[in-house]
Amino acid sequence: PEEFLWNVDVVHGGRTLLLGLMELHGGEVSFRNDALNLESGERRVIIENGLGGPIQGRDNWCLIWRDYTWFVAPFDPEKLAITGPETPLFLNRRTTISATGIMAYIPRYTSTESVVSVDRRGKVDVLAEEIDGQVKRLSWSPDGAQIALVTQDTDQVRRRLSRLDVARNSLVSLPSGDGWKGSVSWAPTGNSVTVTILNADGAYDIFRRGPRPGDALEPIFRDGPPQNSVWDGVWSPDGSVMAFLSVEQGGPAALWLLPVGEGAEPRPFLESPASILSPAISPDGMWIAFSSAEAGVQEVYAVSLASDSPGQEMVRVSDQGGTDPVWSPDGTELFFRDLDGHLMTAPVVTTQRVGVPAFGRPEVLLDLQALDLVTDDYRCYDISPDGNRFVFGRRQEEAGAGSQIYVVLDWFSELDRLGSS
């Protein structure tokens, strides 16, 4: 099984780590807690099929989360062992407990997800209803017939890659391993999708696969990625180059280019003090747009792919914050999301010199929040090949669910009553 670190707590005055772990077993997900003694190196399981740890201020009790239900159990803090039966407390909540005994919790919301198309006037048409999970990433195929999407389970521990047939409103799963899925985009020919996947080493890599369920998953970098992690691979319209993000562990994400051809090697194109996000190559293959917070807030920029000094030739497109640039198919507009929940459009107005774009003032095109469109992830939308519609996820949540925080004072008295009963 593949194993991923979920969280870490320090106990015994820094001598022991409590490791929350997620395991993937052929598509099944499970959790457990291990105790790792830093002095002896001994490691053992303390909670099977769940996550938890000693409660601050009452470390003779252990709080355990399993299958959306919270339990408490007597606990020996020195031996790090559960010493009695588990007692269920409540289910379907997100909770935290202070060292003074105050509990705060949020009822876990439920929602219905759908994939929708939205025209420039805000008219919404449903393409697929009741998606299994939350819609996170979307990419419209070059011929407009298919949409690749990444969905996330409501327990937030697994992501799946699927393909939506637009004409039939039907979803087809595209098996792509158990690793956490990031961005997804189509190759210019429409015969494959490029997807970012978290590998067992805790680093991201870029893969491609065909649009049929039985197609194989293949790494883009057959000899391994050029740095610790790579993601967000997007192709130029002629397929001659792939732009992607690459990062050494702990550093900001830089923009790299991978030319196509025998002997071609990936090379760094643009580095920034702040991470670069969401690259997008223009339809004519001359420019690349992206977002970066190097000015202190996320803004959208564009620069010529032919530039020898891209850091000095960046043109800012957004004027009050922005992210997630997407080019119109004819190259006359650049869309992006502002920081207030709007889809913006900036016209491409002139070319000051070869390869350097200039843009008109951005204007609001759609109010995404008013339309209940999902905007809580990067690359959460795309534009149709005819330039008339956008694809988004849409989430209908229960009224008020997840929007109120409840506080329970002196919760330790409830815990003490459990111990005496």
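Is Tyr 406 buried, exposed or partly exposed? At 37% relative accessibility, Tyr 406 is partly exposed. Buried means under 20% relative accessible area, exposed means over 50%, and partly exposed lies in between (1.4 Å probe, protein chains only).

This is a predicted model, in which local features need pLDDT of at least 70 and side-chain atom pairs count only at pLDDT 80 or more, while totals for chains, interfaces and linings use all residues. Residues are numbered from 1 along each chain as its sequence is written, and side-chain values use heavy atoms, with hydrogens and water left out.

**Aromatic pairs**

- The whole structure holds 13 aromatic pairs. Rings of Phe, Tyr and Trp (its six-membered ring) pair if their centres lie within 6.5 Å; planes under 30 degrees apart are stacked, over 60 edge-to-face, and the rest tilted.
- Tyr 105 and Tyr 406 form a stacked pair, with 5.3 Å centre to centre and 10° between the planes.
- Tyr 105 sits in strand β11 (residues 103-107) and Tyr 406 in strand β37 (residues 406-408), so the pair links distant parts of the chain, 301 residues apart. Strands (E, at least two residues) and helices (H or I, at least four) are DSSP runs, numbered from the N terminus.
- Tyr 105 is buried, at 14% relative accessible area.
- Trp 6, Phe 31 and Trp 65 are joined into a cluster by ring pairs.
- Arg 66 lies over the face of Phe 71, 5.6 Å from the ring centre. A charge sits over a ring if NZ of Lys or CZ of Arg is within 6 Å of the ring centre and within 35 degrees of the ring normal.

**Salt bridges**

- There are 15 salt bridges in the structure. Each is a side-chain nitrogen of Lys or Arg within 4 Å of a carboxyl oxygen of Asp or Glu.
- Asp 34 meets Arg 32 in a salt bridge (2.8 Å, N to O). Asp 34 is buried at 2% relative accessible area, and Arg 32 is buried at 12%.
- Asp 34 also meets Arg 43 (2.9 Å, N to O). Arg 43 is partly exposed, at 39%.
- A network of salt bridges links Glu 23, Arg 32, Asp 34 and Arg 43.
- Arg 379 and Asp 232 form a salt bridge of 3.3 Å, N to O. Arg 379 lies in the loop between β34 (363-367) and β35, and Asp 232 in strand β22, so the pair ties together parts 147 residues apart in sequence. Both residues are buried.

**The second largest pocket**

- The volume of the second largest pocket is about 740 Å³. A pocket is an open set of points on a 1 Å grid over the protein atoms alone, where a 1.4 Å probe fits, with protein on both sides within 12 Å along at least five of seven lines. A volume is the space filled by probe spheres set on the points.
- The pocket has 32 lining residues, and the closest to its centre are Trp 140, Trp 235, Ile 281, Trp 327 and Asp 382. Lining residues have an atom within 4 Å of a point.
- Elements giving two or more residues to the lining include β14 (134-140), β22 (229-235) and β35 (381-383).
- The lining has 21 nonpolar, eight polar and three charged residues. Ala, Val, Leu, Ile, Met, Phe, Trp, Tyr, Cys and Pro count as nonpolar, Asp, Glu, Lys and Arg as charged, and the others, Gly among them, as polar.
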